[in-house]
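Please look at the structure shown below. The paragraphs that follow lead through pairs of charged side chains and then turn to the backbone.

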Amino acid sequence: MKFFLDTANLKEIQEAVELGVLDGVTTNPSLMAKEGIKGTDAVMSHYKQICEIVDGDVSAEVIATDFEGMIREGEALAELHPNIVVKVPMIKEGVKAIRYFSDKGIKTNCTLIFSAGQALLAAKAGATYVSPFVGRLDDIGHDGLQLVQQIVDIFSNYGYPTQVLAASVRHVPHLLQCAELGADVVTCPLSVITGLLNHPLTDKGLATFLADHQKANS
Ligand code: E4P
């Protein structure tokens, strides 16, 4: 399973790269705004910086919601760096844009997926990734992980090459359940990845090993 970081924060991306387990990055307009990145030039240069830090796919989202606008923005983004994946919302014009990009060999991530039907449509249009939002479904009392399961099953039934990128992954159990379900990728904050390190018995065991070593060598 690939680990993507869901952030536009360069320091966090660098930290995950140094941990040696990062496969890519996803961003969205809210995450870019959170880092104070505004204006086309700043946004484009920020995406370039992310691509220079991480050796893997970097999702950059279009802002336009009409076909021509999405194509214009997506082509400009794709020209920035070979690792750019154009992130396109799950709307009618978005599906057409995904087909267009797919035919041109430009990678896409269909975002804001909240149903299996939406995922199927995006896969049919040739999306590289579909992003079901696990946490946001849980937030409204639905089962986000059940959606991941449904999409994994459907794609496997037909051998679709589209990868299931579980998004809005908020905590360690989410990540582990996505792994059990066979999601190809999870994207999450750095705290979820570093959360995988923690176990009290590891801390206790290490303290004992070090204490015993100290005793034996003093
Ligand atoms: C997906 O690519 C989105 O950026 C993201 O995972 C949304 O997560 P959130 O629901 O925690 O904002």
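In this predicted model, Glu61 has a relative accessibility of 13% and therefore counts as buried, since buried means under 20% relative accessible area. With which residue does Glu61 form a salt bridge? The partner is Lys87, and the closest N and O atoms of the two are 3.9 Å apart. This distance meets the rule for a salt bridge, because the nitrogen has to lie within 4 Å of the carboxyl oxygen. Glu61 belongs to strand β3 and Lys87 to strand β4 (residues 84-89), so the pair ties together parts that are 26 residues apart in sequence. Lys87 is also buried, at 4% relative accessibility.

Side chains of opposite charge can pair when their charged atoms come close. By the rule applied here, the count comes to seven salt bridges.

Another of these pairs also involves strand β3. Asp57 forms a salt bridge with Lys107, and their closest N and O atoms are 2.7 Å apart. Asp57 lies in strand β3 (residues 57-61), whereas Lys107 sits in the loop between α5 (92-103) and β5 (108-113); the pair therefore ties together parts that are 50 residues apart in sequence. Is Asp57 buried or exposed? With a relative accessibility of 12%, Asp57 counts as buried. Lys107, in contrast, is partly exposed, its relative accessible area being 28%.

A further salt bridge joins the side chains of Arg170 and Asp139, with a distance of 3.1 Å from N to O. Arg170 is found in the loop between β7 (163-166) and α9 (172-181), and Asp139 in helix α7 (residues 134-139), so this pair ties together parts that are 31 residues apart in sequence. Arg170 is partly exposed, with a relative accessible area of 40%. Asp139 reaches 53% relative accessibility and counts as exposed, because exposed means over 50%.

Phi of Ser168 is near 55°, a positive value in a residue other than glycine. Ser168 counts as buried, at 11% relative accessibility.

Where does Leu112 lie? Leu112 is part of strand β5, and the loop that holds Lys107 runs between α5 and this strand. Phi of Leu112 is near 65°, which is likewise a positive value in a residue other than glycine. At 33% relative accessibility, Leu112 counts as partly exposed.

Definitions and conventions:
Residues are numbered from 1 along each chain as its sequence is written. This is a predicted model: local features need pLDDT of at least 70, side-chain atom pairs count only at pLDDT 80 or more; totals for chains, interfaces and linings use all residues. Side-chain values use heavy atoms; hydrogens and water are left out. Helices (H or I, at least four residues) and strands (E, at least two) are DSSP runs, numbered from the N terminus. Buried means under 20% relative accessible area, exposed over 50%, partly exposed in between (1.4 Å probe, protein chains only).
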